[in-house]
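Hello,

Here is the structure we talked about handing over. Please have it open while you read.

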Amino acid sequence: MRAPSPAKTLLLLWGIAAVVLAGGLLLARQERQVRTERDRTPLRAFATTAQGQLQRLEDLYQDHLVRLGREVVPDPQRAGRMADEITGILQISLLHPTTSGVQDTHIPVNASPDGPVPLPAFATAPGLTSGSLVLLDESRLFNRDSGWVDEPGKPLLFHVRRSSSEVAVIAVSRSLVADSITGWLRAWAEKSFAPVRVTGGPDQLRAEGRVLAGAGEAAAADPPDLLMPLRSRFGSYDLASWDLRRTLVRYHPAALAVTATLAIVIGVLGFIVFLAQRRAHAIAAARVSFVNRVSHELRTPLTNILLNIDLATELAEDDPQESTRRLDLVRLEARRLGRLIENVLTFSRAEDGRTEARITTTACVPADIVTAVIEQFLPGFQRGGLTIARTDENTAAPCLCDPDALAQILGNLLSNVEKYAPHGTVSIATTHAGGELSIRVTDEGPGIPREAAERIFHPFERIHSHIHEGATGTGLGLAIARDLATRLGGTLALLPTATGRGSCFELRVPAPPAPSPASASSIAPPA
Ligand code: ADP
């Protein structure tokens with residue numbers, strides 16, 4: 001299974017941090033409702049006016065009923081026409097006392113929305129069974145000019161005394177009258193509710209719970225803080241009012257601190273993992289590229305060696321001079337191959353932590369080491385037209401150092417000169433003074449940009465890292481050279497050049513003078 005990319009890991013962990021933060025904010029959030037009582041003077045004034053209007057409508061309706069009761073005639077057609085002018089009339093009955101009810105007249109006017117209207121009759125009428133009749137108290141109806149019979153279980157009736165022997169009983173539909181009143185009230189409230197709206201609400205004028213006029217946003221779920229019922233025979237009206245509510249939000253500081261800390265820790269952790277993963281990816285990529293480079297580097301000298309051996313063999317008899325030149329080239333390439341293999345081995349030993357064992361200090365003459373290394377490069381330098389300017393100061397006396405490590409460092413520096421600065425002059429200045437050996441290699445090549453000055457000493461780092469870009473290489477030479485210099489107790493640094501062109505590498509290692517054989521034998525223990 002492939003490991004997720006560093007960016008994906010970072011996004012994932014930062015996503016988790018964000019979720020933790022969001023969750024924490026939710027947990028830390030505390031809400032409190034604050035209720036503020038309102039000034040309801042305009043609402044109370046409106047309630048009084050609305051109640052007055054309802055009463056006025058009822059009185060008006062009652063007047064119509066009284067007139068109808070008085071003027072109605074037993075003729076159904078004429079009575080119907082008269083009743084049609086008034087809302088909600090279902091039936092008109094003309095009742096007579098002390099008779100068996102046979103003289104009573106019942107005129108149906110409208111169908112009732114609540115089912116058939118029972119016929120009214122006096123309870124004292126002989127021979128009647130209550131069945132589908134509404135029985136009325138005769139004395140009560142004759143005692144008053146007019147009035148309502150509004151009793152549970154009976155339809156809504158209005159009675160008008162027409163004479164000492166006849167009463168008109170009008171059945172009224174409560175719901176039809178209520179619809180009419182509600183419609184009127186809605187139209188009236190549209191204008192009249194205005195002063196209440198000014199105070200902002202939430203306030204509502206309601207009929208049977210339905211809103212006729214309102215102001216402000218009432219929280220539907222909350223019961224009203226003030227309910228003012230408006231009296232009406234026909235329907236249920238009221239004014240509902242709510243206090244102002246504000247939600248105060250605060251966050252619990254401890255929960256918030258814990259969440260924020262957790263989110264920050266996860267965020268930072270994510271970043272650390274991201275960096276580590278990116279490094280691991282880069283190392284893995286560098287290793288792959290390293291293997292590619294080494295293979296590439298090995299192939300070039302090998303091809304050259306095979307080619308030149310073939311040519312040298314062919315020319316051995318006809319052109320011995322050219323054949324020798326070809327064999328010299330074979331030697332050159334073989335050395336290049338040797339250096340490369342040496343570098344790769346040194347690097348893998350260093351990876352294993354075994355290089356330290358390879359540093360072996362012996363008595364050696366610095367000038368001889370430099371000469372031997374230069375000799376390896378001489379043919380290559382000459383072919384490129386590179387001149388060597390060599391200076392030596394006090395380098396002929398033997399000193400204590402590791403000659404192989406010195407040769408490998410100088411070899412790597414000169415190999416770079418051969419690859420990157422093959423024209424002009426390379427100066428090699430060797431100085432041995434005060435128990436320290438310094439070798440300075442200065443070329444006239446393109447030089448090294450300041451920003452890459454430290455980077456080039458890291459393994460696999462190259463200025464042109466693409467395999468087909470610039471001279472080939474593994475990016476190991478300088479890293480190994482610096483590592484060896486450090487293990488010798490010295491330094492390898494890139495110095496600024498006097499001209500500002502080319503590059504200058506300086507190696508400084510401790511190299512105490514080697515004891516002369518005579519003094520060595522004087523301190524040597526007897527055999
Ligand atoms: P390699 O030569 O195999 O690439 P090195 O570690 O020897 O690896 O060098 C690292 C990089 O430093 C090289 O790729 C090159 O870009 C740069 N470099 C080293 N020496 C020189 C030089 N004398 N002149 C210019 N660039 C150099």
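Below are the notes on what was found in it.

This is a predicted model, where local features need pLDDT of at least 70 and side-chain atom pairs count only at pLDDT 80 or more, while totals for chains, interfaces and linings use all residues. Residues are numbered from 1 along each chain as its sequence is written, and side-chain values use heavy atoms, with hydrogens and water left out.

The strands

Helices (H or I, at least four residues) and strands (E, at least two) are DSSP runs, numbered from the N terminus. Two strands pair if DSSP finds at least two bridges between them. β6 (residues 146-149) and β7 (residues 157-163) run antiparallel, joined by four bridges. Val149 has Leu157 of β7 as its bridge partner. β7 also pairs with β8 (residues 166-172), again antiparallel, over six bridges. There, Phe158 is bridged to Ile170 of β8. A hairpin of two residues links β7 to β8.

The largest pocket

A pocket is an open set of points on a 1 Å grid over the protein atoms alone, where a 1.4 Å probe fits, with protein on both sides within 12 Å along at least five of seven lines; its lining residues have an atom within 4 Å of a point. The volume of the largest one is about 770 Å³, counted as the space filled by probe spheres set on the points, with grid points joined across faces, edges and corners. Its lining has 35 residues, and Asn416, Lys419, Tyr420, Arg462 and Leu478 are the closest to its centre. The elements giving two or more residues to the lining are α8 (320-352), α10 (403-420) and α11 (477-487). α10 gives the most, with seven. At least three lining residues come from each of domain 1 (6-26 + 252-348) and domain 3 (363-519); these bounds come from an automatic or database domain assignment.

Two residues to look at

Glu506 is in strand β20 (residues 504-510). Is Glu506 buried or exposed? Glu506 is buried, because its relative accessible area is 8% (buried is under 20%, exposed over 50%, partly exposed in between, with a 1.4 Å probe and protein chains only). Its side chain makes a polar contact of 3.0 Å with the side chain of Arg440. A polar contact is a pair of N or O atoms within 3.5 Å; within protein, one must be able to donate a hydrogen and the other to accept it, and residues adjacent in sequence count only if both atoms are side-chain atoms. Another, of 3.1 Å, joins the Glu506 and Arg508 side chains.

Leu378 lies in helix α9 (residues 366-384). Leu378 is partly exposed, at 31% relative accessible area.

Best wishes
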